[in-house]
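Here is a short briefing on a predicted model. Keep the sequence and the structure open while reading.

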Amino acid sequence: MADLSVKIHDLLLKNPVMLASGTCGYAEEINEFYDVSQLGGIFLKGITPRNRDGNLYPRMAETPSGMLNAVGLQNKGIDYFIQNIYPRIKNYETPLIINVNGSTVEEYIEVTEKVNELDNIPAIELNISCPNVKEGGMAFGVSCPGAEAVTRAVRSAYNKTLIVKLSPNVTDVSEIAKAVEGQGADGVSLVNTFVGMAIDAETRKPLLSTVTGGLSGPAIKPIALRMVWQVAQAVKIPVIGMGGIMNAADAIEFLLAGASAVQVGTALFKDPFIPLNIVEGIDNYLLRHQMSSVSELIGGLQL
Amino acid sequence: MGKKSVADFIITENIPLNKDNYLIRLKSPESLPPIKPGQFVNIDIKNSSEIFLRRPFSVFETDYKNNSISIIVKVLGRGSKKLTEVKAGEVLSLVYPLGKHFTYPSPGDKVLAVGGGSGLAPMLFLARESGLPAENMDIIIGARSATDHIDASAYNKYGNIYFTTEDGTLGTRGLVTHHPLFGELANYDKIYACGPEGMMKAVAREAKKTGVFCEVSLENLMACGFGVCLCCIEPTVNGNLCVCTEGPVFNINDLKWQI
């Protein structure tokens, strides 16, 4: 077996295949299918300071090669997580990363400070790119001053690995990436979902209660790949790539474009075993290409 | 860990039941885990850009000797349409077993099970599994017209089967709740319903009036089927819950239905 380990700042991953926030619950749901210690890491469902009910049903619409969602960060809040969920999952032998959310900078800090106390959470993913909430979320991630303000504040409250999750709903994502790098981010992950919508022509009504939602799945892969490539050239910190990854070839494309690791998201809804197949597929690829380490692939695009 | 699986099932039969319902029987490559009435499977209807997500189907019958299950598929949209075109020998990937099952009746209970359309599948499954004598189990099956009905005569030994049709071509004319048995609901210990939402709400309304225990099976749109996407939520007295993991079976007292 080739060396599949990669490093994201202080975070050592046994392989570069991680699960994307919002698509794998709090890891227990995936652990009902297989032992999650086989994964590179898990980005847990986004957490806010207090309980959020999320948006009204319907929150999902199937679209060609993908889907729209408008969940709206339904979660029970950081205190509930710490008291009820964290004790059950903290000994999983894979890095568990908390996706931090808030409506204001103060709320982001409130969650971050509580997460900072959790010994078995080695990193956070600062979510400044959720398209489905009215306040906060993507509002911070679509301008350099907004992204800088949250990153700066959270950086000062957190001393472990800080990853910032970027929105693709911007003119130039590499500018936002450079802005958060300048404020001390240890890595960036991209892309979150693209704002989209779907209409039922017969009823003339939107398919989502919120009218618009976030598009994910293979439909977005070429755009996500392009954005990861652009960002990887613009920043020095590690990039975690995601967007429509369904198989090992997709994951390898993101690594070649410059991602140090990938997140698998919507693919889990089709088959929760896909990430394990990807780990195996990357290993086979390295053997076939006589490479001994996955690090040889990162940024290996031949121009 | 290991409670849920993803497995490639082989289609052994695809039998048209009437103009838009099909019985599909599938054989598991592995030993079948226990599956109970109300639980479902999530089926990948092959790679097609238009049908990206799996489609959930309530289990109709289990056959542990042959590691096989069956489902009833009603053509509703592009996914179910495509699924009804499968042929014996083809392979389909299933995520299973998913969801919570109906509460089993207690010995001696008098039960009314109400099924509409393909919603009769879990009702007949429950009748067979309930362990109750047939005289304690009344089953009402509703449809638009006689030609929409599915032959359930094989289940006569598990309960007394009654029909309703909106046009009066079979059984009592009208909706399921127009059946005379709904005039005697206080005789029952448990009422179960599965079918279109309007039908289940009508049953729930009558059950609530008499205060009889009542469970319904919801079919909200789902993406994952195992509790991670949070798309199929239903507002309940305990907040927004995933129909796929906290349901699909709910007690009507836990739902926030305006009935």
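Domain 1 of chain B and domain 2 of chain B bury about 1,800 Å² between them. Carbon and sulfur atoms account for 62% of that area. On the domain 1 side, B:P37, B:F40 and B:F60 lose the most area to domain 2, together 28% of what that side buries.

**The two domains of chain B**

- Domain 1 spans residues 5-98 of chain B, and domain 2 spans residues 111-254.
- Their C-alpha centres lie 21 Å apart.
- The contact joins 21 residues of domain 1 of chain B to 22 residues of domain 2 of chain B.
- One salt bridge is counted between these two domains.
- B:K19 forms a salt bridge with B:D148, and the closest N and O atoms of this pair are 2.8 Å apart.

**The annotated site in chain B**

- An unreviewed UniProt entry places the feature "binding site" at B:R55, B:P56, B:F57 and B:S58.
- B:F57 sits in strand 4 of chain B, which runs over residues 55-63. B:S58 lies in strand 4 of chain B as well.
- Is B:F57 buried or exposed? B:F57 has a relative accessible area of 9%. The cut-off for buried is under 20%, so B:F57 counts as buried.
- B:S58 has 21% relative accessibility and therefore counts as partly exposed.
- Beyond four places in sequence, B:F57 touches B:F40, B:V41, B:I43, B:I71, B:I72, B:V73 and B:L83.

**Between chain A and chain B**

- Chain A and chain B bury about 2,900 Å² between them. Of this area, 60% is on carbon and sulfur atoms.
- Chain A brings 36 residues to the contact, and chain B brings 31 residues.
- How many salt bridges cross the interface of chain A and chain B? The rule finds five.
- A:E62 forms a salt bridge with B:R55, with the closest N and O atoms 2.6 Å apart.
- B:R55 is also among the positions that carry the UniProt "binding site" feature.

**Nonpolar cores**

- The largest nonpolar core holds 138 residues. Within this core, A:F81, A:I128, A:L166, A:L190 and A:I282 touch the most other members.
- Helix 10 of chain A, residues 274-288, gives the most to this core, with seven residues.
- Domain 1 (5-98) and domain 2 (111-254) of chain B both contribute residues, so this core lies between them.
- A second, separate core has 23 residues, including B:F60, B:M123, B:M137 and B:Y192.
- Which residues does A:F81 contact, leaving aside its neighbours within four places in sequence? They are A:Y26, A:L44, A:I47, A:Y86, A:P87, A:I89, A:I98 and A:L118.

**The annotated domain of chain A**

- The unreviewed UniProt entry gives the annotation "domain: Dihydroorotate dehydrogenase catalytic" for residues 4-285 of chain A.
- Over residues 4-285, chain A is 34% helix and 21% strand.
- The end C-alpha atoms of that stretch are 11 Å apart.

Terms used:
Residues numbered from 1 in each chain as written. Chains lettered and ligands numbered in written order. Predicted model: local features only at pLDDT ≥ 70, side-chain atom pairs only at ≥ 80, totals over all residues. Heavy atoms only, no water. UniProt positions renumbered as here; feature names shortened; annotations may be inferred. Helix = DSSP H or I, 4+ residues; strand = E, 2+ residues; numbered from the N terminus. Core = buried A, V, L, I, M, F, W, Y, C linked by side-chain atoms within 4.5 Å. Buried < 20%, exposed > 50% of the residue type's maximum accessible area, 1.4 Å probe, protein only. Domains from an automatic or database assignment. Contact = heavy atoms within 4.5 Å. Buried area = accessible area lost by both parts, 1.4 Å probe. Salt bridge = Lys/Arg side-chain N within 4 Å of Asp/Glu carboxyl O.
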